[in-house]
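Hello,

Here is the structure for you to look over. My notes on it follow below.

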Amino acid sequence: MNFSYFNFWVRNVVLYLFFCLLGLIAILMDKDHPIHEDGQALRAIFQGGMIVLIAHIQVYVHNVYLYKKYFSKNNWKYFFGIVLLFSSYFLINYFTPFRFVRNEEPVTMGISIFTVYLVGLGFYYTHKNILERNLLFKTELIERDEEIRHLKAQLNPHFLFNALNNLYGTALTDPAETPDKILELSDLLRYQIESSKRERVSLDEEVQFIRKYLSYEQNRNPKLKIDFETDISSGLSSISPMLFMPFIENAIKYSAHTDHPFCFLSIHSDKKNLEFKMRNNFTEDGRKFSGTNTGISNTKKRLELTYKNKHELLISDANKVYSVELSIKL
């Protein structure tokens, strides 16, 4: 059983008990009420419970079967319905001991019944507002998940496109190394495809993949100087998969146009925070003709969707050194 606000029975039982408690407090404060007389307590409590129950049913019938279905759509049906409902409630108040107010004046009874419907209508609009907000929240959540899946789907061909370009270069310059490169690439693609099906992966898995990728690039370009530093206190931390790869891919690609390419990376993490830092050199001409920055743009969107208000991304490119600093609250 779902014990939440959105369960019909849970919501109505809690509301009923709340008004019972409110009514009990009110009659206890009334020194002239029969509850203070000897032997009348249980009778008064039963009578009070019945009064609240009748009021609850009246409000429910009005809100759900009259107001919601006919008000402003078929005003004649609503009018006749409210007259019948009001009359039945008035007769219960007039001829039975379960009256909402102790005063037996018909005008006072009519005003008290009108007040019950009015308060009930206030609860109806509050409940409607909560349902609409919940629906909006769920819709936004679904849209966010769809967008993340779309961005991940774009990442797959983007990574593959870069890898095949690199493989093409290897086939031209060093054909004997091509089979080994294909095997390494196969291993990288396996993780890349499998991780893209998951919402999160462990930080350890992601770091191992980055090491393999850097090793693959290092073998492909011996001139490339790579320094990868990690300090991960908790292997249980998890992150969105392939989150750093667009930065790393671009760093490798852009620095390749320089005479002394380098790429320095660090990933530090404790149980609450993760810091990713990266620096690489580049040439203006190399960066201008090397890509469309689709991967970086997608990563910014993924960060906004996955770690909204929980991340800070700083990117700078001063003195032909490209720097990325990404902080995430896990």
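Lys 320 lies in the loop between strand 6 and strand 7. Helices here are DSSP runs of H or I with at least four residues, strands are runs of E with at least two, and both are numbered from the N terminus. Phi of Lys 320 is near 60°, a positive value in a residue other than glycine. Asn 319 is found in the loop between strand 6 (311–316) and strand 7. Its phi is also positive, near 55°, and Asn 319 is not a glycine. At 76% relative accessibility, Asn 319 counts as exposed. The cut-offs are under 20% relative accessible area for buried, over 50% for exposed, and partly exposed in between, with a 1.4 Å probe and protein chains only.

**Ground rules**

This is a predicted model: local features need pLDDT of at least 70, side-chain atom pairs count only at pLDDT 80 or more, and totals for chains, interfaces and linings use all residues. Residues are numbered from 1 along each chain as its sequence is written, and side-chain values use heavy atoms, with hydrogens and water left out.

**Nonpolar cores**

The largest nonpolar core has 40 residues. Such a core is a set of buried Ala, Val, Leu, Ile, Met, Phe, Trp, Tyr and Cys residues joined through side-chain atoms within 4.5 Å. Those with the most contacts inside it are Ile 210, Leu 214, Phe 244, Ile 248, Leu 265, Phe 276 and Met 278. At least two residues of this core come from each of helix 4 (106–173), helix 5, helix 6, helix 7 (245–255), strand 4 (262–269), strand 5 (273–281), helix 9 (294–306) and strand 7 (321–329). Helix 6 gives the most to this core, with seven residues. Apart from it lies another core, of 14 residues, including Val 59, Ile 113, Leu 121 and Tyr 124. In soluble globular proteins, nonpolar side chains tend to be buried together.

Contact means heavy atoms within 4.5 Å. The lists below leave aside neighbours within four places in sequence.

- Met 278 is in contact with Phe 247, Ile 248, Ala 251, Cys 263, Phe 264, Leu 265, Tyr 322, Ser 323 and Val 324.
- Phe 244 sits in the loop between strand 3 (238–239) and helix 7. Phe 244 is buried, at 1% relative accessibility. Phe 244 touches Ile 210, Ile 239, Ile 267, Leu 274, Phe 276 and Leu 326.
- Asn 280 is in strand 5. Asn 280 counts as buried, at 1% relative accessibility. Among its contacts are Ala 251, Tyr 254, Phe 262, Lys 320 and Tyr 322.
- His 33 is in the loop between helix 1 (8–29) and helix 2 (41–70). His 33 is buried, with a relative accessible area of 13%. Ile 27, Ala 44 and Arg 102 are in contact with His 33.

**Helix pairs**

Axes are lines fitted to C-alpha atoms, for helices over the stretch in contact, and angles run from 0 to 180 degrees between N-to-C directions. Angles under 35 degrees count as roughly parallel, over 145 as roughly antiparallel, 65 to 115 as roughly perpendicular and the rest as oblique.

Helix 5 (residues 178–195) and helix 6 (residues 203–220) pack at about 155°, with axes 10 Å apart. They are therefore roughly antiparallel. By class, their contact has six nonpolar, one polar and seven charged residues. Ala, Val, Leu, Ile, Met, Phe, Trp, Tyr, Cys and Pro count as nonpolar, Asp, Glu, Lys and Arg as charged, and the others, Gly among them, as polar.

Helix 7 and helix 9 pack at about 160°, with axes 8 Å apart. That makes helix 7 roughly antiparallel to helix 9. Pro 246, Phe 247 and Asn 250 of helix 7 meet Gly 295, Ile 296 and Thr 299 of helix 9. By class, this contact has three nonpolar, three polar and no charged residues.

Helix 2 and helix 3 (residues 75–95) pack at about 175°, with axes 9 Å apart. Helix 2 is thus roughly antiparallel to helix 3. Their contact divides into eleven nonpolar, five polar and one charged residue.

Best wishes
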